[in-house]
Amino acid sequence: MSGDLTQRMHADYADPDLGRSAAILNQLIVSIGDNLHDFNDAMAALAQGDLHRRVREKHRGAFGPLQKNFNLAIATVRTVLGEQGSDQFTDRAAKFRRMLTAFTRDETAFAIRISDEDSRPIPSPPHDLWLKLADALDGFSV
């Protein structure tokens with residue numbers, strides 16, 4: 001299904017076992033989609049520099065440890081940075097996001113190029129982007 005979790009299986013089969021199986025499969029797809037939606041929202045908040053957003057729903061099964069580990073990772077980063085560092089991170093993430101938006105608006109291709117010269121990287125759009133990130137984070141202190 002190429003990652004499309006909006007499609008469902010028809011559950012109106014003459015065979016009741018096949019109908020129940022289709023209904024269970026549809027419920028599984030809905031559950032997976034809901035779980036992924038919660039995690040995607042939390043990751044989007046992190047990408048925006050929000051270190052206060054946690055995955056709040058109580059996830060079960062394979063998603064339970066993922067929720068626990070995501071929330072623990074956020075708590076660890078906040079603890080390491082401290083409250084002032086968390087605020088600086090949010091500010092720097094916003095600055096980086098603006099730079100990234102401007103950088104991708106130029107429609108620059110993100111091709112990775114390999115150097116033949118002693119395996120040193122050569123400048124490329126991703127390399128340049130990391131340099132801009134380093135500049136944005138310059139002066140960031142914990």
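## Accessibility and the model

A residue counts as buried under 20% relative accessible area, as exposed over 50%, and as partly exposed in between. Asp17, at 46% relative accessibility, therefore counts as partly exposed. The model discussed here is predicted.

## Overall fold

The chain holds three helices and zero strands. Along the sequence the pattern reads α-α-α. Helix H1 covers residues 16–47, and helix H2 covers residues 63–105.

Of the 142 residues in the chain, 23% are buried. The accessible surface of the chain is about 10300 Å². Carbon and sulfur atoms account for 57% of that surface. Contacts in the chain can also be sorted by sequence separation. Among those between residues at least 6 apart, 48% join residues at least 24 apart.

How many salt bridges does the count give? The count comes to one salt bridge. The side chains of Asp17 and Arg20 form a salt bridge, with 2.2 Å from N to O. This pair meets the rule because the side-chain nitrogen of Lys or Arg has to be within 4 Å of a carboxyl oxygen of Asp or Glu.

Both partners belong to helix H1. Asp17 and Arg20 are three residues apart, which is about one turn of the helix. Are these side chains' residues buried, exposed or in between? Asp17 has 46% relative accessibility and is partly exposed. Arg20 has a relative accessible area of 49%, so Arg20 is partly exposed too. Both values fall between the cut-offs of 20% and 50%.

## The largest pocket

The largest pocket contains about 160 Å³ of space. Which residues line the largest pocket? The lining consists of Ser31, Asp34, Asn35, Asp38, Lys58, His59, Arg60 and Phe63.

Helix H1 gives the most to this lining, with four residues. By residue class, the lining of the largest pocket has four charged residues, three polar and one nonpolar.

Tyr13 sits in the segment before H1. Its relative accessible area is 35%, so Tyr13 is partly exposed. Setting aside neighbours within four places in sequence, Tyr13 is in contact with Leu18, Gly19 and Ala22.

Asn26 lies within helix H1. Is Asn26 buried or exposed? Asn26 is buried, because its relative accessibility is 12% and the cut-off for buried is under 20%. Not counting residues up to four places away in sequence, Asn26 touches Arg8 and Met9.

Thr90 is placed in helix H2. With a relative accessible area of 28%, Thr90 is partly exposed. How many residues separate Thr90 and Gly49 along the chain? They are 41 residues apart along the chain, yet their C-alpha atoms are separated by 4.3 Å.

Notes. Residues are numbered from 1 along each chain as its sequence is written. This is a predicted model: local features need pLDDT of at least 70, side-chain atom pairs count only at pLDDT 80 or more; totals for chains, interfaces and linings use all residues. Side-chain values use heavy atoms; hydrogens and water are left out. Helices (H or I, at least four residues) and strands (E, at least two) are DSSP runs, numbered from the N terminus. Buried means under 20% relative accessible area, exposed over 50%, partly exposed in between (1.4 Å probe, protein chains only). On a 1 Å grid over the protein atoms alone, a cavity is a set of points where a 1.4 Å probe fits but cannot get out, and a pocket is an open set with protein on both sides within 12 Å along at least five of seven lines; lining residues have an atom within 4 Å of a point. Grid points are joined across faces, edges and corners, and a volume is the space filled by probe spheres set on the points. Ala, Val, Leu, Ile, Met, Phe, Trp, Tyr, Cys and Pro count as nonpolar, Asp, Glu, Lys and Arg as charged, and the others, Gly among them, as polar. Contact means heavy atoms within 4.5 Å. Accessible areas come from the Shrake-Rupley method with a 1.4 Å probe; for residues, only the protein chains shown count as cover.
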